[in-house]
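Please open the structure in a viewer and keep the selection panel at hand.

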Amino acid sequence: VQLQASGGGLVQAGGSLRLSCVVSGRTLRTSGMGWFRQAPGKEREFVAAITRNTDTTYYSDSVKGRFTISRDNANDTMYLQMNSLKPEDAAVYYCAAESDPPTRNRPLTSQWAYDYFGRGTLVTVSS
């Protein structure tokens, strides 16, 4: 299984970006998926997650109301729409997926729930 994130770039504060994550190698039929980010000198942190079957979503407090996670199961793609971007949103964004079926029994807000991580896409926000 491979995850390929794209859509990062340079944007001014207040602007928007849409990240995509394409899953290849295998269709993850029952897997939850999520986005994490890591800024220089900081730990990787949870951003958003979405379940496979119920489309329940989770967000960190720092992005709630500004970011929207969604997925297109038919095309094995997950998205992160990021609006009202702030300089503190600047980071490398990683997409992640559980195994199919999930085996770790961890909440989707934890990086330890995931078996697969993509390489990341860089988001830079200028003030």
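The stops below cover a sheet, the nonpolar cores and the salt bridges of this predicted model.

**The open sheet**

Begin by selecting β1, β3, β8 and β7. These 4 strands form an open sheet in the order β1-β3-β8-β7, with antiparallel pairing. At its edges lie β1 (2-6) and β7 (67-72), each of which pairs on one side only. On average, neighbouring strands of the sheet are turned by 15 degrees against each other, direction ignored.

Strand β8 comprises residues 77-82 and pairs with β7 in the antiparallel sense over 6 bridges.

**The nonpolar cores**

Which residues of the largest nonpolar core touch the most other members? Select Trp-35, Val-47, Phe-67, Met-78, Leu-80, Met-82 and Tyr-93, which hold that position among the 27 residues of the core. Elements that give two or more residues to this core include β4 (33-38), β5 (45-50), β9 (91-97) and β11 (121-126). The sheet strands β1, β3, β7 and β8 also give two or more residues each.

Now centre the view on Tyr-93 and display its surroundings. Leaving aside residues up to four places away in sequence, Tyr-93 touches, among others, Ala-5, Leu-19, Trp-35, Phe-67, Leu-80 and Val-123. Arg-37 is also among the residues that Tyr-93 touches.

A second, separate core has 7 residues; select Ala-49, Ala-96, Leu-108 and Ala-113, which are among them.

**The salt bridges**

Arg-37 is buried, with a relative accessible area of 5%, whereas Glu-45 is partly exposed at 36%.

Proceed to Arg-66 and Asp-89, whose salt bridge has its closest N and O atoms 2.7 Å apart. Arg-66 lies in the loop between β6 (57-59) and β7, and Asp-89 in the loop between β8 and β9, 23 residues apart. Display both pairs together: Arg-37, Glu-45, Arg-66 and Asp-89 are linked in a network of salt bridges.

Finish with Asp-115 and Arg-104, which form a salt bridge with the closest N and O atoms 3.0 Å apart. Both residues lie in the loop between β9 and β10 (116-117), so the pair ties together parts that are 11 residues apart in sequence. Asp-115 is partly exposed, with a relative accessible area of 30%, and Arg-104 is partly exposed at 38%.

Note on methods
Residues are numbered from 1 along each chain as its sequence is written. This is a predicted model: local features need pLDDT of at least 70, side-chain atom pairs count only at pLDDT 80 or more; totals for chains, interfaces and linings use all residues. Side-chain values use heavy atoms; hydrogens and water are left out. Two strands pair if DSSP finds at least two bridges between them. Axes are lines fitted to C-alpha atoms, for helices over the stretch in contact, and angles run from 0 to 180 degrees between N-to-C directions. A nonpolar core is a set of buried Ala, Val, Leu, Ile, Met, Phe, Trp, Tyr and Cys residues joined through side-chain atoms within 4.5 Å. Buried means under 20% relative accessible area, exposed over 50%, partly exposed in between (1.4 Å probe, protein chains only). Contact means heavy atoms within 4.5 Å. A salt bridge is a side-chain nitrogen of Lys or Arg within 4 Å of a carboxyl oxygen of Asp or Glu.
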